[in-house]
Every structure is written in structure tokens, then in C-alpha cells.
Amino acid sequence: MAKTLNNLKLKSRQSIIGWAFVIPAALLIFIFYFYPIGRALFLSFQTGIGANMQFAGLANYRRLLSDNLFKTSLTNVLTFLALQVPIMLTLALALAYLLNDKTLKFRGFFRTALFLPCATSLVSYSLIFRSMFALDGFVNALLTNLNLITSPINWLANPWTAKLVIVLALTWRWTGYNMIFYLAALQNIDASIFEAAVIDGAGAAARFFRIVVPMLRPIILLTAIVSTNGTLQLFDETFNITNGGPANATISISQYIYRLSFQYSPRFSYAAAISFVVFILVAFLAMIQMRVGDQR
Amino acid sequence: MRRSQVKVLLCVLMLSLLTSSAAFANQTVTVWAWDPAFNLYAMEEAAKIYAEINPDVTINIVETPWDDIQTRLTTAVMAGQTGTLPDIMLIQDNALMKNVIDFPHVFADLTDSGIDFSQFADFKVSLTSVDGRNYAVPFDNGAAINALRVDVLHEAGYELEDFKDITWSEYIEMGKDILAKTGKPLHSIVAESPDLIMAGLQSAGTWMFDENGDVFIANNDVLKEVIEVYVELVNTGIMVQVNDWEQYITSFNRGTVAGTINGCWIIGSIVLPEEQKGLWGVTNMPRLERSPNATNYSSQGGSSWTVRADSPNKDAAIDFLAHTFAGSVELYETILPSSGALATYLPAGDSAAYSIPHEFFGGQAIYAEITDYASRVPQVKYGVYNYEARDAIGVAIAQVLAGRDIDSALMEAEETVRFLMEF
């Protein structure tokens, strides 16, 4: 083997070594990602309850069109997306810009503090948010003591305040995560560009909008796609904070899939069809974002 | 040399394992169940009793929460890997029919196994059988109770007796008075959890499905009456809605509310605060008025033991259950005092242990009382789509409380369930 390798031309030798490195990972990805995805696609063309399945063509996809619970969950998730992702990314960008200032004191402390929420488990932070926003929870106690409200607000029992709590929770958990991407990208911008801008008389706002935002465009695009993807697959927060309530006002697509698979009479095929719709949605939204955001 | 010795040893070991598992002896029966203070404790005591009858069979008890049991069961069956499941599984009564019908051949048919099902409460046998075949050994009793703080009742000038055999409107009348005099609501409930609605339905012998298994929600007068009662309980402040189970337990443990209505297994949580000893009393739940078959008895929660049909230890598992949960009064006598695990095994009800007064409940012989309730619970079939219907009703309640009229909310609930059922 070593001898034959030596006899080959340098180029083909390198490509064989290259393939040797790539193949194990590629095989694993194929077995554990692409094969199940293929099986799920196949499953989505079948119908039946439990383990009794037969082929049904596009029946599951047609069924989606008249599924009110699916429409509710899709609307909920898109609402979270429209409200939460812009708020979070703007906040993350602004914070990253502030924390990139070399003259700022306790920079390390602030960076750590803002990133720390990402180290908490999704379930435990959700439970804490739930208890904070309970009728006799911390938030109501605080607002009452500050005389901002006279009677406690039942946050999780009202459709819009429940959505608001979810958005707040998501923002708390994920802003720091996105901020780290921006911070890393900011450090790649040559300091001399900023110096030149300062010499030319550009203010902080002008530097932010004319230099930072355009130069971070690829990273903003990346975080937007990742956040969109994450929000469409939202599960832990809504499951633990509101359990989809009140009256399905916060149920997410993933939670509906979970109910269909494990809480109701199992309909894996229909659940698989819904997952493919989510997949197509993510791909579609990412495509739009690439069109709008990527101007290379 | 050494290697070959190891090989020989291994062969001998394998052989001994093979021969021993071929016989009835030296088997290990694995059990999945949840709740250490209740189900697991009962199982451990049963294992001790069986160890004397058949010392060669080991009972291996693995604590597994109900949600995990359901998820693992579904996953294993869908993947065709039922071998990963244990020999005995505890299944919630309200999910049993669904699992038996959705996953045929997974659960052993126990009808002709020698276990005498006539020894169990009728309503429980009805919940654990499908098409007249028995698929589970009935275990704990979910007979509904109305547990009340007698001291609070006294403060407002009432006795526990005043709450026995009453209607919901009498309950509401007294509730208003007690709330006005003591500032305490009568009970609490987890918002959007339709447990009380379900208990109300069963108390009148009705369910969300008719005898053919069709959805019976939109034109269900019993259901309408139950929801009307529910709304009135919330609007009068007699029943407080809380957000989760923890808050529900806390509400009566801290004395924020004067009682609770639930399956009798809730006693395990009622007896937690030492300082409330002697202050509680137990009576039956209020009944509906307009519904023809209304009673003061219902069931809420409860679970039963199933045996896996393709398990190599199936016979040992059945033999174990037959000698313990379906045949040992001694077992029920042992587990009752410390866990309050009330049986649906009728011979146990005659045991002296059941008539012992309970100190926490002011010396009331609550177990004899609840065993009597259990014998009067109307029979219903929970059906395959029980969880779908529960969720839909939960949504309907939230809508009605937000101002929507009952008829249109129930119409939507019926459509939702119908949609989930049709394939």
C-alpha cells in the first residue's frame, strides 16, 4: 500500500489522502443524517396509526391544508419569528459594537455576563421564566411593589402576554449567542479603517451604519438564517413555559409534531410530512435572506 | 493456554445461562413504573412477597416516568424493537386502550391467564379491557374524592356532612358563603387541565365518545353542564386556576384554598404538611343536576399493570402478578398505611387495614369510605383518542373563560378531534 502510494503522482496521491480524510465523516453523515431524512420522506407518503402503515401518496400534504392546528402552530411560529429575530439581532449587533470599544471598562465582565445565558439549559431557564411570570411570581411582585400595576397580571393566561413572555425568554437566552458572532467579526475589521473614518470626521453613528453594518453583512446573514431555523423548530421554551397554551396561542410546530407522535394516537407519517414542510420553509426563508443579504 | 481457559469458562457460563433461562426458574422480570412513594413502593413489596413463593424469579424494578414510558413504548414499537421493552409496564388507564389498539400484539391478553378479573372493581376492569379481553391487572384506585379542611368549614359554620351527597349548585352556594366568611376559595385547579371536566363527565356515566367510539362533544349535554359549572366555579372565585402542578399542590398545602377535588391518590400530597394533621376530611364529589345518570362518584387518574406479549419471561411475569396484585390481600394491607395506595382488588377492601381510622383526617376511616365510592363509580370507555379530546376540551375551556359561547367552542373542539381521528 505504502509502495503503491509512493509510485503515484503527487497530485493523485494528495487526492487519495484527501478522500481518506473525508470519507469516514461523509459516511457517518450519510448514515445518520441523509438516510433517516430519506426514510422520513418515504414515511411522509404513507398513512396509518401506530405501526399499521400503507402508501398514500400526497395525502398527508393535502391534509395539512385543512389542518387548523397546523395553521395555528405555523402562525404562532411565524409571529415569534417576525417579533423576536429582528429585536434580538439588532440588540446583539448594538451590544457587540459597544463591547468592541477598547476604551470600555470591565469589557470582559460585560461580555461574559451577556454570553452566560447561553450556558444555561433550555429547560431550566424556561422553568425559571415560568415561575417568574406566574400569577404570584417575581415579575408581578416587582411591578406591584413599584406601583406600576394595581392587580397582578396573569401573563401566561392571555394569548398576547404569553407570546410576549416567550419572545422575552428567547431574547434573553439567544442575544448573547449572536453577539459573540458579531464580536468575532468586528475584531476582523482592520482598525485602520476606523482610524481613517475618525480622521475623515465620521461620528459613532456613521461608523456603525457605514462601516460596521456593511462589513458584517455576511455574518448578519448567517445569524439571521440560524435564528430563523431555530425559531421555526422552537420546542423547549413553549413546551415548558406555556405548554402551548392558552388555547394553543403559543403552540409551536415542533410541539404539534411531538403531540402527534407521542401524546396522541401516533401518526408518525403525518408528523414526518409536517417536518418536511418546516424543512422547505427553512430552505425558502434562507433563500430569500441570501438574495436580500448577499451582494457579493 | 490462559486464553483457552477463559474461552472454556465463557462457554460454560453461556451454557449455564442458556439452560437456566430455558426453565421457569432463574428468570428476571423487569418492571417499569413511576412514583417511588406509590407505585414503585407497591412493586417492591410485591417482589418481597413473591420472593417467598418463587425465590428463583428476580423482580428488577426500574423507575421510569410515565411520559418516558409512553415515548419509549411508541419508539420501540415503531422501530420494531419491542425487545427493548420491559416485561411488565405500568400504563395510565386513560392511555391503555389507545396503546392496546394502536400497537396490537404488544400487550399480553390476560383473559385466560388464570387471573380472576371478577375480583376487581367493575369500572376499573372496564377501563383495562378492549373488546371484552383483559389487557392489564388493575392497580390503584382513582375514585374521586372531595377533600376539605374541616377547620375552615367550621369557621364558616359548616360541617363535613353538609358536603356529602350534594349537587354542584349546593356546593357553589356554600362555597360563596365560605369565601365571603373566611376569604378562602374551596379548591384550585391547573388552568387548561380538563381533569375536573373529565371527572364530571364520568360521574354521569358519559364520556367524550359514544359507545361506538364516535366523537360526542358538540351535542353532549352533560359536557355542557359540566363546563357551565366550571365557568361558574371560576367566575365566583370558588375555584382558583393556577399555572402548574406545583402551584396546585402548594395551594392546599399552604392553606390558600380550603380543599381539593381529585382522584384519591391526591391524599399522598395532602398529608405532607405536618401542621394540618387532623384538620382534613373526605367526602364524595358534588353531582350534576340536569344530567339523568348523575352520581356523586367518579374516577380520576389511576393506572394498571400490563405484560409484554412477546417477552420470554411472559409466564413468570403473569405468575408474579397473579400471586401479588391479583391475589395477595397481604400486599394491599402492607402498602396501604404508608403509601395510601388504595386497591381496586375487592377482597382487600374487607381487610381490617381498610377500616383503620386515619389520623390526618381527624380519625375518619377514609379508606373504607373511598373503597365504597370506588364500587359506585359509573363505567365508561376512555377510548383511543382520549388525549386528543382532552386537549381540545382544554382549549375550549380557555376560550369559554375568555368569553366565547359554549356551543361554538364545543363545535370547534369536536371538529378538531374529528380531524385528528380521520385518516
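## A two-chain model at a glance

Helix α13 of chain A, residues 253–263, is mostly covered, with nine of its eleven residues buried (buried means under 20% relative accessible area, exposed over 50% and partly exposed in between, with a 1.4 Å probe and protein chains only). Helices here are DSSP runs of H or I with at least four residues, strands are runs of E with at least two, and both are numbered from the N terminus. This is a predicted model, in which local features need pLDDT of at least 70 and side-chain atom pairs count only at pLDDT 80 or more, while totals for chains, interfaces and linings use all residues. Residues are numbered from 1 along each chain as its sequence is written, chains are lettered from A and ligands numbered from 1 in the order in which they are written, and side-chain values use heavy atoms, with hydrogens and water left out.

**Chain A**

- Chain A contains 14 helices and two strands.
- Its radius of gyration is 25 Å, whereas a compact globule of 296 residues would have one near 19 Å (the radius is taken over C-alpha atoms, and the globule rule is 2.2 Å times the number of residues to the power 0.38).
- The C-alpha trace of chain A spans about 75 × 60 × 35 Å along its principal axes.
- Of the 296 residues in chain A, 40% are buried.
- Chain A exposes about 16600 Å², and carbon and sulfur atoms supply 70% of that area (accessible areas come from the Shrake-Rupley method with a 1.4 Å probe; for residues, only the protein chains shown count as cover).
- Chain A has 22 positive and 9 negative charges, and their mean positions are 13 Å apart (Lys and Arg count as positive, Asp and Glu as negative, and His and the chain ends are not counted; each charge is placed at NZ of Lys, CZ of Arg, CG of Asp or CD of Glu).

**Chain B**

- In chain B you will find 17 helices and twelve strands.
- The radius of gyration of chain B is 23 Å, close to the 22 Å that the globule rule gives for 423 residues, so chain B is as compact as a globular protein of that length.
- The C-alpha trace of chain B spans about 90 × 55 × 40 Å along its principal axes.
- Buried residues account for 58% of the 423 in chain B.
- Chain B exposes about 17000 Å², with 52% of it supplied by carbon and sulfur atoms.
- For the 25 positive and 57 negative charges of chain B, the mean positions lie 6 Å apart.

**Where the chains meet**

- At the interface, 33 residues of chain A are in contact with 28 residues of chain B (contact means heavy atoms within 4.5 Å).
- Together the two chains bury about 2400 Å² between them, 58% of it on carbon and sulfur atoms (buried area is the accessible area, with a 1.4 Å probe, that two parts lose on being put together, summed over both).
- Arg63(A), Phe262(A) and Tyr264(A) supply 24% of the area that chain A buries against chain B, more than any other three residues.
- Phe262(A) is also among the buried residues of α13(A), as are Arg259(A) and Leu260(A).
- Beyond its neighbours within four places in sequence, Asp391(B) is in contact with Arg259(A) and Tyr264(A).
- Gln399(B) also has its place in α16, which covers residues 386–401 of chain B, and counts as buried at 16% relative accessibility.
- Neighbours within four places aside, Gln399(B) is in contact with Ala247(A), Arg404(B), Ala409(B) and Glu412(B).

**Two local spots to look at**

- Phe133(A) lies in the chain A loop between α6 (122–132) and α7 (138–145), and at 6% relative accessibility this residue counts as buried.
- Apart from neighbours within four places in sequence, the contacts of Phe133(A) are Val139(A), Trp155(A), Leu156(A), Val165(A) and Leu168(A).
- In chain B, nine of the nine residues of helix α8 (residues 195–203) are buried, so this helix is largely enclosed by the rest of the structure.
- Just after α8(B), Gly205(B) takes a positive phi of about 65°.
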